[in-house]
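Visitor: I am new here. Please show me the structure, then take my questions one by one.

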Amino acid sequence: MPDTPTPLLSDLLTRSGHEPRSRRAFLGQASLGLVIGGTALAGCSPGGGAGGDSARGAAGATAAGDAPQQPFNANSKLDTALHDPAAHGASSATPGATQGAQAAAYRRYDPALPPLSSERTLRLHWRAQEVPVRISRETVVAGWTFEGDIPGPIVHCRVGDTVEFTLTNEGAVPHSMDFHAAQIDPKVAFRSVARGQSVTFTFQPKWAGAFMYHCGTAPVLMHIGSGMYGALIVSPQEPLVAAKEFVLVQSEFYLGDAAGGVRPFDYNKMLSTLPDYLAFNGRPNQYVDEPIRVAVGDRVRFWVVSAGPTHPTHFHVVGEQFDTMYLGAPPGSPIRGVQTWSVPAGGGMCFELVCDIAGEFPFVNHGFGHGQKGAIGFLVVE
Amino acid sequence: MPDTPTPLLSDLLTRSGHEPRSRRAFLGQASLGLVIGGTALAGCSPGGGAGGDSARGAAGATAAGDAPQQPFNANSKLDTALHDPAAHGASSATPGATQGAQAAAYRRYDPALPPLSSERTLRLHWRAQEVPVRISRETVVAGWTFEGDIPGPIVHCRVGDTVEFTLTNEGAVPHSMDFHAAQIDPKVAFRSVARGQSVTFTFQPKWAGAFMYHCGTAPVLMHIGSGMYGALIVSPQEPLVAAKEFVLVQSEFYLGDAAGGVRPFDYNKMLSTLPDYLAFNGRPNQYVDEPIRVAVGDRVRFWVVSAGPTHPTHFHVVGEQFDTMYLGAPPGSPIRGVQTWSVPAGGGMCFELVCDIAGEFPFVNHGFGHGQKGAIGFLVVE
Amino acid sequence: MPDTPTPLLSDLLTRSGHEPRSRRAFLGQASLGLVIGGTALAGCSPGGGAGGDSARGAAGATAAGDAPQQPFNANSKLDTALHDPAAHGASSATPGATQGAQAAAYRRYDPALPPLSSERTLRLHWRAQEVPVRISRETVVAGWTFEGDIPGPIVHCRVGDTVEFTLTNEGAVPHSMDFHAAQIDPKVAFRSVARGQSVTFTFQPKWAGAFMYHCGTAPVLMHIGSGMYGALIVSPQEPLVAAKEFVLVQSEFYLGDAAGGVRPFDYNKMLSTLPDYLAFNGRPNQYVDEPIRVAVGDRVRFWVVSAGPTHPTHFHVVGEQFDTMYLGAPPGSPIRGVQTWSVPAGGGMCFELVCDIAGEFPFVNHGFGHGQKGAIGFLVVE
């Protein structure tokens with residue numbers, strides 16, 4: 001029999017002495033807490049570069065720095081909710097996420113798909129960082145991030161490439177990494193690591209597509225909702241037809257009141273499912289002011305990820321139709337002549353259009369009760 | 001011109017003297033009230049076994065026990081809202097649904113797809129029952145059920161098999177049965193029956209798929225929302241590739257405060273569309289504590305039904321991708337390499353993955369504002 | 001850096017002296033404000049019939065009557081929010097939308113797909129009108145409309161036909177037209193026009209399908225939400241198999257309290273995403289009382305558009321399955337044997353079923369927390 005069916009962070013915060021009956025029972029409460037016990041499975045030093053002596057292959061996950069003296073990691077409870085709740089309560093306002101907020105600089109998030117490497121192995125060593133992120137002239141949020149930004153970096157590889165990934169946690173609360181493109185044991189590879197610890201794993205994407213990645217530490221709603229997500233774009237081995245390629249990660253922002261010039265992410269608001277803002281690539285309306293620009297005659301390929309945490313993206317380009325979109329792994333399952341398609345929360349899809357004519361074409365979430373809150377940008381065809 | 005556009009149970013409860021202008025106008029108010037007049041169309045005794053002398057074929061619906069002395073059935077008003085509203089108001093707290101609640105035992109809902117029968121005719125005689133159902137250690141709900149559980153039984157047949165179905169209502173309010181796999185006149189076959197009455201009909205599924213069934217008595221939101229749903233899995237005539245097959249019915253729980261140790265389903269909360277819990281197969285997080293287990297090398301086939309009443313399932317398996325999923329009737333319209341797909345409310349889809357590696361793989365509703373509330377389980381590959 | 005990420009009408013109303021840094025920055029605030037400066041691009045007289053001397057072709061958009069003396073059009077701020085906010089605040093209660101409300105007559109919206117013209121050019125001259133619309137016996141809404149009704153007229157053409165369209169604004173606030181079937185520069189063709197002004201453009205649909213059209217004036221949530229939407233059905237050049245064809249436009253109603261016998265649309269309620277009513281073709285439950293009727297043996301084709309502004313349609317016909325539906329432009333990407341499919345907000349899809357048997361078949365939005373509020377009708381097969 002499962003425990004109580006209320007796996008809410010707010011509940012957990014009030015009973016830190018709670019001892020779950022089993023690891024999975026605990027995970028049920030806190031949901032998607034992908035943690036392991038305190039024993040390191042294999043060694044590589046914290047901060048050690050990826051691709052070192054870590055194990056390879058689908059099961060090649062290794063732990064790094066899982067020191068048993070860390071009490072919150074010693075008993076399968078490496079979970080946001082139980083680690084120093086007083087520090088952040090049901091919000092993202094940890095010390096790192098709030099200090100120096102007013103100094104946070106705004107920058108446009110570059111939506112261009114990075115080129116493929118000639119190497120067939122990507123070596124990524126990322127940091128989980130709790131830092132303030134400026135999402136508009138007026139608003140700084142207390143972000144939980146990969147590499148200091150919301151969303152995290154765009155990664156691009158091919159089907160069959162090898163991704164050697166290490167996450168080192170520089171934050172106050174446990175974090176982890178879940179790549180949707182990986183076929184791997186989540187219990188090991190996607191487990192949470194505490195401050196100063198690292199986790200390393202290796203995988204080879206089997207399918208092309210726009211794959212979400214995100215922190216999977218419990219409660220996962222809190223970690224996705226506080227900014228820990230991004231896109232891994234996997235191109236097929238045979239290149240798709242040439243196009244200008246862009247990545248759009250839609251996400252929602254559920255914010256508490258500002259304190260010290262920074263607005264924390266608010267877990268209870270996330271549970272209400274009514275966001276304050278939406279954005280493509282982390283800044284509401286950023287591509288209205290600084291559009292995406294292409295030339296007449298270009299084919300444009302949008303890789304769209306719905307990071308959520310809750311809502312889909314009803315993706316539409318005003319004044320255009322999608323010549324082709326792919327329901328499964330591109331180039332499989334193409335459909336033609338689409339005005340709007342819904343990308344599910346936690347999913348990704350690939351949309352193409354041909355820019356026959358010049359103009360300024362808004363791309364939007366056409367579910368406007370949400371989309372109106374910032375999921376709008378411009379594709380300028382010149 | 002339709003009547004008022006406010007077909008709310010709460011409205012209806014305050015005007016029991018209301019006489020609708022026409023049957024359909026009434027149905028408009030109460031919505032999806034699939035009832036017929038008081039004259040039995042054909043006879044078979046209440047409680048008579050299915051497959052007796054009832055008519056066969058797509059139009060073979062029969063009424064049973066529609067005694068004209070039942071006032072709420074004599075004038076096309078066999079509707080929850082008008083039957084003894086004082087007994088349950090806008091909640092599911094009928095006497096049967098609440099008595100003996102604390103004695104209700106918890107049991108895991110077996111997600112395994114039952115094997116096909118060698119018979120080509122399924123004879124089902126089910127009871128609509130209002131009974132308390134324990135959905136977790138701590139929570140008992142005032143359930144409206146098919147056969148005493150939420151969801152109702154999983155049914156499995158082939159395309160072209162014959163399903164002979166009888167529903168006998170043992171509850172206080174009218175109930176009915178709507179099989180999405182049936183091509184049949186709903187006015188007759190899916191009509192409401194009062195306490196002690198039965199309805200019998202026969203159908204042959206034409207398409208393979210994961211088909212929802214549910215009570216269609218008005219207001220249908222109340223009846224689905226209070227637990228009257230389940231899955232009929234129709235396999236194609238030519239068997240699909242061998243797999244371990246499981247059925248997951250996602251649904252939402254909108255609950256009022258506990259009284260007498262039981263929480264009623266709350267109609268007004270259903271209208272808010274913000275659920276308290278979600279679950280696969282009726283118990284939040286049940287497969288976290290008691291996972292679904294398969295072996296390395298197995299192909300796993302999930303038949304996923306989104307019972308709602310409102311939200312889709314953004315279905316995803318952490319650490320895996322769907323090798324194949326079917327947009328239409330399997331094996332038609334396969335798509336490949338899917339991370340997450342949205343199963344619409346009132347719909348069902350078929351997902352397959354190959355368990356190449358061992359591990360503990362959470363399956364989730366990746367729309368986490370909802371999914372975090374219990375739509376999480378574990379697939380353990382050993 | 002974009003401006004504040006709060007592009008809410010209510011915000012804008014309080015700072016009419018605000019001078020946005022750039023046109024697009026402004027559009028970011030107000031979102032989807034598709035406006036141009038005050039210089040007319042080409043001339044055709046206001047009220048002049050479509051198809052006159054207006055430019056043709058994909059880029060053939062022309063302005064008409066953009067008199068520079070209209071201050072709210074002279075500086076790229078032709079936006080609902082800045083035009084006389086005192087007159088309507090964050091509601092649709094303009095003078096035209098409210099006067100004479102009680103005299104507004106109810107009429108069923110004919111769902112039949114109009115026949116194709118033998119002409120290959122459609123010449124449409126529509127008016128944007130703010131008028132009261134009776135959506136039920138008891139409820140009149142302060143509508144913003146195309147041609148005085150909600151939804152606007154159903155248009156039917158073939159792939160490659162030419163649509164010559166003129167919109168003349170007879171309302172108090174700026175309006176515009178965005179056809180999802182047009183490939184055209186939205187900045188020019190879909191720009192807002194003030195009272196008395198017109199815009200003309202010409203396009204040739206490239207793809208078959210059920211395409212939404214709507215007012216795109218900022219904030220677009222307000223204009224769609226207040227009634228300015230409809231369906232353009234594009235048949236393929238090679239006719240689809242013969243069928244009885246119907247058009248269903250699902251939309252949501254977010255209403256304020258009645259004043260003077262008319263309920264205004266309420267922008268803040270739209271942002272809550274919890275509607276009061278839903279409807280197919282603008283009247284909640286209208287096809288319950290006055291069903292759609294066909295004969296046994298008919299193939300029925302539903303062209304379903306989800307106008308939103310926010311929610312999808314989980315489209316389902318009780319007692320039937322969709323023999324065929326088309327994911328892309330019909331007849332492309334057919335899938336078979338579907339019980340329920342979700343049409344995204346801002347999208348459209350084509351569903352077919354064969355009426356083998358007589359009966360009364362409800363068609364519904366099976367997301368019943370919303371569907372129960374009026375997205376229900378009857379298909380009667382006789």
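Guide: A:Phe302 touches A:Phe246, A:Leu248, A:Ile292, A:Phe315, A:Val317, A:Met349, A:Cys350, A:Phe351, A:Leu353, A:Phe363 and A:Leu379, leaving aside residues up to four places away in sequence. Contact means heavy atoms within 4.5 Å. This is a predicted model: local features need pLDDT of at least 70, side-chain atom pairs count only at pLDDT 80 or more, and totals for chains, interfaces and linings use all residues. Residues are numbered from 1 along each chain as its sequence is written, chains are lettered from A in the order in which they are written, and side-chain values use heavy atoms, without hydrogens and water.

Visitor: How many residues does the contact take from chain C and from chain A?

Guide: Both chains contribute to the contact. Chain A gives 53 residues, and chain C gives 57 residues.

Visitor: What area is buried between chain C and chain A?

Guide: Buried area is the accessible area (1.4 Å probe) that two parts lose on being put together, summed over both. Carbon and sulfur atoms give 59% of it here. The area is about 4,400 Å².

Visitor: Which residue of chain C forms a salt bridge with A:Glu360?

Guide: A salt bridge is a side-chain nitrogen of Lys or Arg within 4 Å of a carboxyl oxygen of Asp or Glu. The count between chain C and chain A is two. In the one with A:Glu360, the closest N and O atoms are 3.8 Å apart, and the partner is C:Lys187.
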